[in-house]
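Please look at the sequence and the 3D view before reading on.

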Amino acid sequence: MGVGGLVIVLALDTSTPAVTAGIVRVDDITTLAQHVTVDARAHAERLTPNVVAALADAGLTMADLDAVVVGCGPGPFTGLRAGMATGAAYGHALGIPVHGVCSLDAIGVLTSGETLVVTDARRREVYWARYRDGVRTEGPAVNAPADVDPGAARGIAGSPDHAALFDLPYHEPRYPTPAGLARAVSEWSADPAPLVALYLRRPDAKPLAAHT
C-alpha cells in the first residue's frame, strides 16, 4: 500500500495554458502516464479527454483511483475553475478524497536551492512564489515583474517567456506536472480540506449594482 493507504492518484491542473492530467503512484511519486495539451482557450474541452487518455495509457480505469489532486492556482478564473470543478466532480462520483494544492508549489517542489517560480497572470503581471530546496518561503502573490523581489533566488522556473524578464538562469519545469502536484500534497488524509481557489485578485466580471 502507498502513503496513507493510497496507491494511485489522478493529478489535474488548469492554472496555466497547459491542460494537465496524469496518473501518479504515490508511494514513489512515479508518473504512470500523462497527457498535456497547451491551449489556454480549451481547458474545459481538453481536460476530460486527457484524463481518459492518461488512464488508458496507464492501463487503468476510474475504479483504480484512490484520490484526486488538483492545482488550485493561482491562475486565471475561467481555466482554474474548469480544473477544480472537474476534480471535485471525479471525487464526488468515485467517493474518493480530492486534495487541492498551490499550482506554483507543483513547480517549486521539484526545484533545488533558492528558486523563483513565475507563471502568466495576464495584464502584464506574473503569479510568483519563492522556494528553498522545494519548500515555499514567500508567496504566492501577483505583481508586475518589475515589482517582484527575487530575494536570494539563484534560478527561475515556470513560464519561460516571463522568466526571461528576470536576470536568472532558467530551470524546468515549465508547467505544474503530475508528479509535482502529488509531491505538493502535505498529507494524504482521507478527509482533506475543501478546495479553495487562489485567484489572488477579483475576476474581471463585476456584478451589477443592486437597485435601491
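Which residue is the bridge partner of glycine 22 in β3? The partner is glutamine 34. The model is predicted, so local features need pLDDT of at least 70 and side-chain atom pairs count only at pLDDT 80 or more, whereas totals for chains, interfaces and linings use all residues. Residues are numbered from 1 along each chain as its sequence is written, and side-chain values use heavy atoms, with hydrogens and water left out.

**The sheet**

An open sheet is formed by 5 strands in the order β3-β2-β1-β4-β5, with mixed pairing. Strands β3 (30-38) and β5 (98-101) are the edge strands, each pairing on one side only. From one strand to the next, the twist averages 15°. Strands (E, at least two residues) and helices (H or I, at least four) are DSSP runs, numbered from the N terminus. Two strands pair if DSSP finds at least two bridges between them. In general, strands of a sheet pair through backbone hydrogen bonds, either parallel or antiparallel.

| Strands | Sense | Bridges |
|---|---|---|
| β2 and β3 | antiparallel | 8 bridges |
| β1 and β2 | antiparallel | 6 bridges |
| β1 and β4 | parallel | 4 bridges |

A hairpin of 4 residues joins β1 to β2, and leucine 12 stands opposite alanine 21 in β2. Toward β4, alanine 11 has valine 69 as its bridge partner.

**The helices**

Helix α1 (residues 43-58) lies across β1 (8-13), β2 and β3 and runs at about 25° to β2. Helix α2 (residues 77-94) packs on the sheet, touching β1, β4 (67-71) and β5, and its direction makes about 170° with that of β4. Such angles run from 0 to 180 degrees between N-to-C directions, with axes fitted to C-alpha atoms, for helices over the stretch in contact.

Just after α1, glycine 59 takes a positive phi of about 70°.

**The cores**

A nonpolar core is a set of buried Ala, Val, Leu, Ile, Met, Phe, Trp, Tyr and Cys residues joined through side-chain atoms within 4.5 Å. The largest one has 20 residues, and those with the most contacts inside it are Leu10, Leu12, Ile23, Val51, Leu65 and Val68. Two or more residues come from each of β1, β2, α1, β4 and α2; α1 gives the most, with 4 residues. Apart from this core lies another, of 16 residues, including Ala11, Ala67, Ala182 and Val185.

Leaving aside neighbours within four places in sequence, leucine 65 is in contact (heavy atoms within 4.5 Å) with Ile8, Val9, Leu10, Ile23, Leu55, Leu94 and Ile96.

**Histidine 99**

Leaving aside neighbours within four places in sequence, the contacts of histidine 99 include Ala67, Val69, Val185, Trp188 and Leu195.

Conventions. Buried < 20%, exposed > 50% of the residue type's maximum accessible area, 1.4 Å probe, protein only.
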